[in-house]
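Trainee: I am new to this structure and would like to learn how to read its features one at a time. Could you take me through them?

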Amino acid sequence: MYFSVAGIKGMFLANKKIDNQVKTFITYNKGRDWRLLQAPDTDLRGDPVHCLLPYCSLHLHLKVSENPYTSGIIASKDTAPSIIVASGNIGSELSDTDISMFVSSDAGNTWRQIFEEEHSVLYLDQGGVLVAMKHTSLPIRHLWLSFDEGRSWSKYSFTSIPLFVDGVLGEPGEETLIMTVFGHFSHRSEWQLVKVDYKSIFDRRCAEEDYRPWQLHSQGEACIMGAKRIYKKRKSERKCMQGKYAGAMESEPCVCTEADFDCDYGYERHSNGQCLPAFWFNPSSLSKDCSLGQSYLNSTGYRKVVSNNCTDGVREQYTAKPQKCPGKAPRGLRIVTADGKLTAEQGHNVTLMVQLEEGDVQRTLIQVDFGDGIAVSYVNLSSMEDGIKHVYQNVGIFRVTVQVDNSLGSDSAVLYLHVTCPLEHVHLSLPFVTTKNKEVNATAVLWPSQVGTLTYVWWYGNNTEPLITLEGSISFRFTSEGMNTITVQVSAGNAILQDTKTIAVYEEFRSLRLSFSPNLDDYNPDIPEWRRDIGRVIKKSLVEATGVPGQHILVAVLPGLPTTAELFVLPYQDPAGENKRSTDDLEQISELLIHTLNQNSVHFELKPGVRVLVHAAHLTAAPLVDLTPTHSGSAMLMLLSVVFVGLAVFVIYKFKRKIPGINVYAQMQNEKEQEMISPVSHSESRPSVPQTELRRPGQLIDEKVESQLIGK
């Protein structure tokens, strides 16, 4: 906490905490030098005060009142620059006990005790009259006046009835001698205003001979803030009204000395009094923005105290001097983004800042390579103060390099910038049904497909700890039958999206491809929600037409046109693990389903007047064909299709009989993978699923046919 003394430029009182003790210090040069306050030589009764610096001193409370009707516990006035009145105590530190009132009439050099209790002090007649009123919760009727700057006090009665005083206010004006006391006679009475006019005390106005000169000083040093100031002060024995403030008689500048200078930025004052560079400051950095042929101000480590008026003396020695800029090679080159981040968004402006600690920037060539095939050049660093704006059109990690060169050397810096795109959708692709102990592939399909650096977190089966990968697909096996959930979370920057799918696991199951009457294609929007709804309708129709329990049937409508679906016949068992269906049971259910489908007995109403028939395509026993989307492409699919068609023609020609059935197990591709990856038409995006012939039971062809989505 500090207090600015009114009327004296650069003079402050401050309370500082030193070794857990709060002490009061004073400065006359804006904090350049501080010292403790010398305690009074005698107390109020005239007894000597034994107080030796620095172990004992005077400490003041520096709180100023915010209430205009009450004075604070310290006060000064512009028109009475030498007079300071404050409450405080004498001792080793500031205390809230044994508080007395003290006054200084020579701007804080010496102090006198005036009261043993706290009083409010008001300045009248430009400080020529001091009015003191006791701080008390009891009613009072007296106040104290001093006409000699607090050396002596006279007691006056301002009311005949004791008054509870709430506040005191001096009326505005240069010549005011009127004060108003606010209070009440009892706790239940209304406010009382007592107006006190002191004009009758004076019989004349002060003349020139009533004043004497007084020089402002600090412990005898007359030069304060680089000037000597002499003020007019009324002689203490003259009882006259001052009227208008006369101000300083004269002011003359002083010769500059070391005391008029403080340490410059980056410098610290050491025990020997010299200002030396701080450990964190490099004086040569002052010329880092300097160009060859120009000049800069080279600090001496000192700067004159603000508002100091000294002249000549050591002023030239301590003042910063212009110096020619030296030619320097580039050093300390850095390239950063304007927001300090290492990421940017695709298609948006990113601002890059090039920073150089030192070097001849006006004659420096700067080359910036953004890492995406685009580079720019600049002739000086100042033209890049607002940064370099660039838009990345692709996603990835780009190596941004900057090279600076001048005639004395070169420097370079690198920034690895991650350009990302907001992740909008995540879809988990995996089969609806798989065989026990068979390897299953799960793939996270993203939209958009390129969003930058990603982290994948997988939960599958009953595992409690996730599997974390940087790849968007994993393989795993299920060792027990039943329904299992697979969850993937994809982390892209601050965004995390997830998808969960359920997969049925059995030792054996049957798979049948379904087709529909062409009118269904007219109403197929080819979206997952529609396919799920149609799958439930088909399952309901099959259950109603065949009487097969719904637990044995799983229907999945495939994406693309023409509309197709996969019917899975599952070996359902009750929760106790009993009554599990055998292979023969699955064959019987499959034959029943095929028979019903071939009789055109399965149909459903898509909407009033639109009837859709469900037909059977081909039945397989699992595991037969593993369609794992790993390595092959469209060429492999075409080749396999030609081989299978040729084999079928040969069998027809050789044995002259109808093919009993074509068995296929197709691992289904993710619905949204095809929608997200392939922007072509439905007919083009439909996967080509190869089929393998089942000649007779027990001679199943167990081939691995690889398939891959055809898309952009």
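**Reading a buried lysine and what surrounds it**

Mentor: Leaving out residues up to four places away in sequence, Lys 233 touches Ser 82, Ser 105, Glu 149, Asp 210, Tyr 211, Arg 212 and Trp 214, where contact means heavy atoms within 4.5 Å. Please keep in mind that this is a predicted model, in which local features need pLDDT of at least 70 and side-chain atom pairs count only at pLDDT 80 or more, while totals for chains, interfaces and linings use all residues. Residues are numbered from 1 along each chain as its sequence is written, and side-chain values use heavy atoms, with hydrogens and water left out.

Trainee: Where is the place of Lys 233, and does Lys 233 count as buried or exposed?

Mentor: Lys 233 is found in strand S18, which covers residues 227–234; helices (H or I, at least four residues) and strands (E, at least two) are DSSP runs, numbered from the N terminus. Buried means under 20% relative accessible area, exposed over 50%, and partly exposed in between, with a 1.4 Å probe and protein chains only. Lys 233 counts as buried because its relative accessibility is 6%. Its side chain is joined to that of Glu 149 by a polar contact of 3.1 Å, a polar contact being a pair of N or O atoms within 3.5 Å, of which, within protein, one must be able to donate a hydrogen and the other to accept it, and residues adjacent in sequence count only if both atoms are side-chain atoms.

Trainee: What does the side chain of Thr 24 reach?

Mentor: Thr 24, which lies in strand S3 (residues 21–27), reaches the backbone nitrogen of Leu 60 with its side chain at 2.9 Å. Thr 24 counts as buried because its relative accessibility is 0%.

Trainee: Why does Ile 527 count as partly exposed?

Mentor: Ile 527 has 37% relative accessibility, and therefore counts as partly exposed. Ile 527 sits in the loop between strand S42 (510–516) and helix H2 (528–546), and its C-alpha atom is separated by 7.7 Å from that of Pro 559, 32 residues apart along the chain.

Trainee: Which residues touch the most other members of the largest nonpolar core?

Mentor: In soluble globular proteins, nonpolar side chains tend to be buried together. A nonpolar core is a set of buried Ala, Val, Leu, Ile, Met, Phe, Trp, Tyr and Cys residues joined through side-chain atoms within 4.5 Å. Here the largest such core has 26 residues, and Met 11, Leu 13 and Leu 60 touch the most other members. Strand S5 (57–60) and strand S7 (80–91) are the elements that give two or more residues to this core. Apart from it lies another core, of 24 residues, which includes Leu 512, Leu 514, Leu 567 and Leu 586.

Trainee: In what order do the four strands of the open sheet come?

Mentor: Strands of a sheet pair through backbone hydrogen bonds, either parallel or antiparallel. In this open sheet the order is S10-S11-S12-S13, with antiparallel pairing, and two strands pair if DSSP finds at least two bridges between them. Strand S10 (119–124) and strand S13 (154–157) are the edge strands, each pairing on one side only. Strand S12 (residues 142–146) is joined to S13 by four bridges, and Leu 145 has Ser 154 in S13 as its bridge partner.

Trainee: How many helices and strands are in the protein chain?

Mentor: The protein chain has six helices and 48 strands, and buried residues make up 44% of its 712 residues.
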